Amino acid sequence: MITRKRLAAGACALLAALTAGVAFPVAAVAGEPTSGTAPQVDLVLDVSGSMRTADIDGGTRMAAAKQAFNEVLDATPEEVQLGIRTLGANYPGDNQKTGCKDTAQLYPVSTLDRTEAKTQVATLSPTGWTPIGPALLKAAGDFTDSASTKRIVLISDGEDTCAPLDPCEVAREIAAKGIGLTIDTLGLVPNTKMRKQLSCIAEATGGTYTSVEHADELTDKVNQLVDRAADPVVTPVATEGAGACATAPTLKSGLYTDREEFTQQRWYRVDVDPGQELRASVSVAADRAVNPSYGVLLRAVTVHGREIVRGEGAGNGRTDVISTGLRYPKADSDSEDSAAETVCLQVTNSFSAASGVKTTPGLPLELTVDVVDGPSKASDVASFGLGRGWWLLGALILAGFVAGLLWGWLSRWRVVVWRTN
């Protein structure tokens with residue numbers, strides 16, 4: 001997400017939890033660690049027939065998964081509530097309609113009883129279909145609303161067999177609900193098609209994808225993801241930008257999410273007091289196929305339309321997230337009655353949809369707003385982007401001048417010595 005170095009990362013995480021906002025919750029304090037009950041993790045395990053394949057360290061994929069689960073259950077932190085859901089574990093028949101309903105909660109998301117959870121895992125046997133999409137839909141309802149962190153860890157050895165329900169579209173729908181749910185995916189002995197599908201699921205919710213070919217790798221990665229759920233996180237606040245500054249929502253310092261359609265403009269307002277500095281950054285993610293060559297523009301303008309400063313970013317199709325940012329220091333005032341200045345932030349993108357790609361809902365957008373105490377002299381930061389770097393530039397010029405004089409004198413002295421000899 002764009003806090004600190006998220007301006008240039010993707011993804012980090014991007015983009016986590018890129019969601020579509022329905023309304024701006026006025027009482028919400030954006031950018032603070034999530035409070036609530038314990039963090040919750042739902043392990044979703046593929047128990048389809050292909051898990052019988054014996055190609056992981058001389059054993060079956062199912063054996064590797066059971067071993068990993070037992071070790072993860074032993075290592076799960078006390079503060080993490082954990083559950084287990086299966087897909088393809090109960091129906092062995094050939095009826096696709098029935099097979100695509102085969103997902104069940106093996107152990108509810110709750111305070112962990114390690115012995116009971118291990119007993120349930122021991123009963124699993126590779127059986128049926130691979131209904132990843134239906135399993136994700138059900139898993140999204142396994143959590144309580146008050147959970148501080150919600151994370152699904154999906155482990156599968158094949159692509160979904162329940163078309164036309166695309167699990168990638170399911171993940172996007174989950175992200176659009178704005179419930180702060182992250183899906184991480186692990187692919188056992190992956191092929192190209194499976195890797196593409198599992199990567200898409202993870203990217204849609206700000207999660208990660210990892211390919212696994214050894215049992216110890218699976219154990220280590222699942223443990224890492226469960227531990228990550230216990231870390232304090234910042235949950236973005238859903239907001240909805242307007243088509244003009246006059247009707248835009250007023251944002252405080254924090255992290256926000258929105259959705260912006262192709263080539264659309266979104267406007268937001270921020271109040272900046274004299275002596276403060278506005279720092280803003282935005283990331284727009286291509287969560288579907290788009291044409292190469294695109295960009296994002298972030299502008300800070302006055303309520304009268306005069307541009308103050310801008311930030312621009314461009315891409316050529318090699319990354320799914322593009323980011324930019326800006327800084328605006330407002331000069332201090334000698335008057336105690338000086339009013340805050342309303343700054344309008346405009347976000348514009350130049351993405352274009354590939355042939356046959358849906359243009360709605362809009363592209364996930366993540367906006368960071370930070371209003372802090374400004375530098376002693378606002379002009380220092382605005383001076384050609386160098387700020388107090390003018391001192392360094394002057395020192396470098398002086399050092400270069402002195403070094404040039406010394407080198408010239410030394411060269412002439414060597415020539416004189418050579419001629420004398």
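Author: What follows goes through the disulfides one by one. The model is a predicted one, and it holds 3 disulfides. With the bonded cysteines numbered in sequence order, they pair as 1-2, 3-4, 5-6.

Cys-100 is bonded to Cys-162, with an S to S distance of 2.0 Å. The torsion about this S-S bond is about -100 degrees, so the disulfide of Cys-100 and Cys-162 is left-handed. Distant parts of the chain are linked here: Cys-100 lies in the loop between helix 2 (96–99) and strand 4 (103–110), and Cys-162 in the loop between strand 5 (150–156) and helix 5 (167–176), 62 residues apart. Both Cys-100 and Cys-162 are buried.

In the pair Cys-168 and Cys-200, the sulfur atoms are 1.6 Å apart. The S-S torsion of Cys-168 and Cys-200 is about -40 degrees, so this disulfide is left-handed. The bond connects distant parts of the chain, from Cys-168 in helix 5 to Cys-200 in helix 6 (residues 192–204), 32 residues apart. Cys-168 has a relative accessible area of 4% and is therefore buried.

Cys-245 and Cys-344 form a disulfide with an S to S distance of 1.8 Å. Their link is left-handed, with -55 degrees about the S-S bond. This pair also joins distant parts of the chain: Cys-245 is in the loop between strand 8 (237–238) and strand 9 (254–260), whereas Cys-344 is in strand 15 (residues 341–349), 99 residues apart. Cys-245 is buried at a relative accessible area of 11%, and Cys-344 is buried at 1%.

Note on methods:
Residues numbered from 1 in each chain as written. Predicted model: local features only at pLDDT ≥ 70, side-chain atom pairs only at ≥ 80, totals over all residues. Heavy atoms only, no water. Disulfide = S-S within 2.5 Å. Helix = DSSP H or I, 4+ residues; strand = E, 2+ residues; numbered from the N terminus. Buried < 20%, exposed > 50% of the residue type's maximum accessible area, 1.4 Å probe, protein only.
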